[in-house]
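Thanks for coming. I will walk through one structure today, going from one part to the next.

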Amino acid sequence: MTTLETVLAIPSSGLTIPQLAFGMYKVPADDDGVAIILNAIKSGYRHFDTASYYNNEATLGKALRLSNLPRHHFFLTSKVWNDAQKAGRSAVRQSVLQSIEALGDSGGYFDLFLIHWPVPGCFVETYKELEVLHEEGKLKCLGLSNFSPSEYADLMAEGNGIRVAPVVNQFEVSPFMYRPNVVSYFQERGVLVSSSKALHRGESFDNAQLEMISRKHSVSPAQVVLRWGLQKGLVVVAKTAKRLRMKENRDILHFVLSEDDMTTLNGLTSAEDVVKREKLEKERKLPM
């Protein structure tokens, strides 16, 4: 099918990344998972966001083969998990090569590869191994996930000799988890922001202000939230197993949120929610 697509330029690469990505978290690694991915492809998705931790990279590869579309029609993102980082650079390399192998004939490379979490004392060496794999042509672009501004600064410190700048940082962003200072920090440094949990798992769709905006535009709350992300210049990662929701989540180019709409949505995050999220992020980064 022909589908409208919005893309962002990837800094210093000459490449582009589709803004609307299909998230692979909890997509089952079986025929049901293949069917979900094929429905996403039929709905217009070309950007798929997976991870070694999700254990479904082979499922994605099988679905891509069954779609009969050329590999270059897709943009594939994956991530290296914490256990490989803690085991050292050889383990990082092995994990990435296993991810590529899992794609089968649909692969040979990933368009974007991220460090899933910045494991203290490990993430600099992890990134350097990703640089080697990039130079070998196995990873077109490199990026980060769940990095704070201070962790990004630590990575990019002059003494580390980073040669290939990260082009993306993926972390939780939505109207219900909006940290504008963090988003602007990365965007001002030429790092695209990719929003995980872009739909906030649907937990806040009954918010009165969100419902008011959705009625104003005759769209669903999910469409409003995703459109907000697009207008913020984010890569928006969303997932659903339902074909109708897949189509709905992509049908967000026919309306524009006003400045007042955006201001209202910007203000839906509570200070308490930010504190809870940042506490969780710190716990997940603790060495084990």
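Predicted model: local features only at pLDDT ≥ 70, side-chain atom pairs only at ≥ 80, totals over all residues.

Which residues of α9 are buried? They are Pro221, Ala222, Gln223, Val224, Val225, Leu226, Arg227, Trp228, Gly229 and Leu230.

With 10 of its 11 residues buried, α9 is mostly covered. The cover over those buried residues includes β3 (20–23), α8 (208–217), β10, α10 and α11 (259–266). Just after α9 comes Gly233, with a positive phi of about 80 degrees.

Next, the largest pocket. The space in the largest pocket is about 910 Å³. Its lining is made up of 35 residues, and Tyr25, Ser196, Lys197, Arg201 and Lys239 lie nearest the centre. Sorted by class, the lining of this pocket has 13 nonpolar, 12 polar and 10 charged residues. We meet α9 (221–231) again here: along with β10 (235–238), α10 (243–250) and α12 (271–284), this helix supplies at least two residues of the pocket lining. Which element gives the most to that lining? That is α10, with 3 residues.

Rolling a probe the size of a water molecule over the atoms shows where empty space is left. How many cavities of 30 Å³ or more are there? The count is 1. The largest cavity has a volume of about 30 Å³. Its lining consists of Ile17, His47, Asp49, Thr77, Leu112, Leu114, Val168, Gln170, Ser194, Val235 and Val237. Among the elements, β4 (47–49), β6 (110–115), β8 (168–172) and β10 each supply at least two residues of that lining. By class, the cavity lining divides into 6 nonpolar, 4 polar and 1 charged.

On to the nonpolar cores. The largest nonpolar core holds 72 residues, and Phe22, Phe48, Leu130 and Leu139 touch the most other members. A second, separate core has 11 residues, including Ile17, Cys141, Val167 and Val235. Two of those names, Ile17 and Val235, were also in the cavity lining. Let me stay with Phe22 for a moment. Beyond its neighbours within four places in sequence, Phe22 is in contact with several residues, among them Ile36, Tyr45, Phe48, Val237, Lys239 and Met246. Of these, Lys239 was named with the pocket centre, and Val237 with the cavity lining.

Thr50 sits in the loop between β4 and α2 (57–67). Is Thr50 buried or exposed? Thr50 counts as buried because its relative accessibility is 0%, and the cut-off for buried is under 20%. Neighbours within four places in sequence aside, Thr50 is in contact with Met24, Asn56, Glu57, Leu60, Thr77, Ser78, Lys79 and Phe110. Thr77 is also one of the residues lining the cavity.

The other residue is Arg93, in helix α4 (residues 89–102). Its relative accessible area is 25%, so Arg93 is partly exposed. Setting aside neighbours within four places in sequence, Arg93 is in contact with Glu129, Val132, Leu133 and Glu136. With Glu136 there is a polar contact of 2.9 Å between the side chains. Arg93 and Thr126 are 33 residues apart in sequence, and their C-alpha atoms are 8.7 Å apart in space.

That is the end of the tour.

Methods
Residues numbered from 1 in each chain as written. Heavy atoms only, no water. Helix = DSSP H or I, 4+ residues; strand = E, 2+ residues; numbered from the N terminus. Buried < 20%, exposed > 50% of the residue type's maximum accessible area, 1.4 Å probe, protein only. Contact = heavy atoms within 4.5 Å. Polar contact = N/O pair within 3.5 Å; in protein donor to acceptor, adjacent residues only side chain to side chain. 1 Å grid on protein atoms, 1.4 Å probe; cavity = no way out; pocket = protein on both sides within 12 Å on 5 of 7 lines; lining within 4 Å. Points joined across faces, edges and corners; volume = space filled by probe spheres on them. Nonpolar A, V, L, I, M, F, W, Y, C, P; charged D, E, K, R; others polar. Core = buried A, V, L, I, M, F, W, Y, C linked by side-chain atoms within 4.5 Å.
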